[in-house]
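Here is a short report to read alongside the structure. Take a look at the model first, and then we can walk through a pair of helices, a pair of strands and the overall picture.

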Amino acid sequence: MSTKKGLHPKNIHNQGYDFTLLVEKYPKLSEFIIEKFEKETIDFSDPIAVKEFNKALLAAHYNIKHWNFSDDNLCPPIPGRVDYIHHLADLVAGEENVTVLDIGTGASCIYPLLGIAVCDWNFVATDIDLDSLDYAQDIIDDNGFTDKVELRQQFKEEHILEGIIEEGDAFTITMCNPPFYKSAEEARGANRRKSRNLGNNAVRNFAGNSNELWYIGGEKAFLHTYLYESSKCPKVSKWFTSLVSKKENVESLQNSGKKLGVKEFKVIPMHQGNKVTRIVCWRFL
C-alpha cells in the first residue's frame, strides 16, 4: 500500500487502500477491481465504480452500511471529506458535546456520517433541495443516526444561514463545502475538462445537481454571503468554517471579515494528492 501524502495524520487513508479488506467488508466492490501497474485499483473515471469504492470505504472503516442516493447527485470522495472532520476536531479539541451545523449536506449526508463515526458529534444539516434531504433522511434512519442528525430545508437559495437558524441554536462549529462555479455552463465545462484529464470522452462522468455545483457569483459570492450572514448571528456558533478551493478568495474574505467584526481568522491548508485546498475559519468571540 502506498502512502497518501498530505492527508491529516489521523486520517486512516494515509496508508492507501487495502482492497482485500474492502472486498471482505463490501463484496460488491470485487466487480469493479482492475489491475494497473501490477496493483489492484478501480477505474476512477467510471462514476459507478467510484461510488461503489466509496461505499466500501464507509462500510470497512466507518461502519456505515447504508449509503444510497441518486446517481444524479454528487458522490463525495471519503478520504478528503474525513480530512475536514479531523481538522475541525483539532480546532475544537477539548470541547464537549460538540454540535455541528453542516451547510449544504447534500443527498449523501457525508459530513454528519463521518462526524458521528469519527468523533460522535451531533449535527444539524441543511440543504435547499427536498429530494436531497429525502435521501439524506433515509441514510440517517437506515444507519440508526436519527437521534444524532436533524435536517432543515433552506427555502431561499440566495441565503446561507438566514432562514435556517432557530431560537436557542448554539453550535460549536459551522461547516460548509460551497459550490465552486458561477453557472451551469461553467460547471459543465469543468466537468468536460476533468473527463478529458482522466482519459474518458464521456460528457458527464461527474454527477451533481445545480445547487451542489454552482451558485450565482460562484464560490466568492457564496463565501461573502456566508460571512455577512454569520456577522448577523455571531454568537450562534463558536467557529464558522468553510472549504475554499480558490486561494484568491481567502484574502478578500479576510478583509471583509475585519470590517464585519471577525476577531480571529485562520487558514488550515489541506493537501489531497495533487489537489491543494484549504479550510477558512473565523469567529467573533
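In this predicted model, the axes of helix H8 (residues 218-231) and helix H9 (residues 248-259) come within 10 Å and cross at roughly 25°. Angles under 35 degrees count as roughly parallel, and H8 and H9 are therefore roughly parallel to each other. Their crossing is right-handed.

Which residues of H8 and H9 make the contact? On the H8 side they are Glu219, Lys220, Leu223, His224 and Leu227, and H9 contributes Asn249, Ser252, Leu253, Ser256 and Gly257.

Now for the strands. Strand E4 is mostly covered, with 5 of its 6 residues buried. E4 pairs with strand E3 in the parallel sense, over 4 bridges. Within this pairing, valine 100 has phenylalanine 123 of E4 as its bridge partner.

The elements discussed here can be found at these positions:

| Element | Residues |
|---|---|
| Strand E3 | residues 99-103 |
| Strand E4 | residues 122-127 |
| Helix H8 | residues 218-231 |
| Helix H9 | residues 248-259 |

Stepping back to the whole protein, there are 9 helices and 9 strands. Of its 285 residues, 49% count as buried. Among the contacts in the protein with a separation of 6 or more, 66% come from residues 24 or more positions apart.

Conventions
Residues are numbered from 1 along each chain as its sequence is written. This is a predicted model: local features need pLDDT of at least 70, side-chain atom pairs count only at pLDDT 80 or more; totals for chains, interfaces and linings use all residues. Side-chain values use heavy atoms; hydrogens and water are left out. Axes are lines fitted to C-alpha atoms, for helices over the stretch in contact, and angles run from 0 to 180 degrees between N-to-C directions. Helices (H or I, at least four residues) and strands (E, at least two) are DSSP runs, numbered from the N terminus. Angles under 35 degrees count as roughly parallel, over 145 as roughly antiparallel, 65 to 115 as roughly perpendicular and the rest as oblique. A crossing is left-handed if the near helix is turned anticlockwise from the far one by less than a right angle, and right-handed if clockwise. Contact means heavy atoms within 4.5 Å. Buried means under 20% relative accessible area, exposed over 50%, partly exposed in between (1.4 Å probe, protein chains only). Two strands pair if DSSP finds at least two bridges between them.
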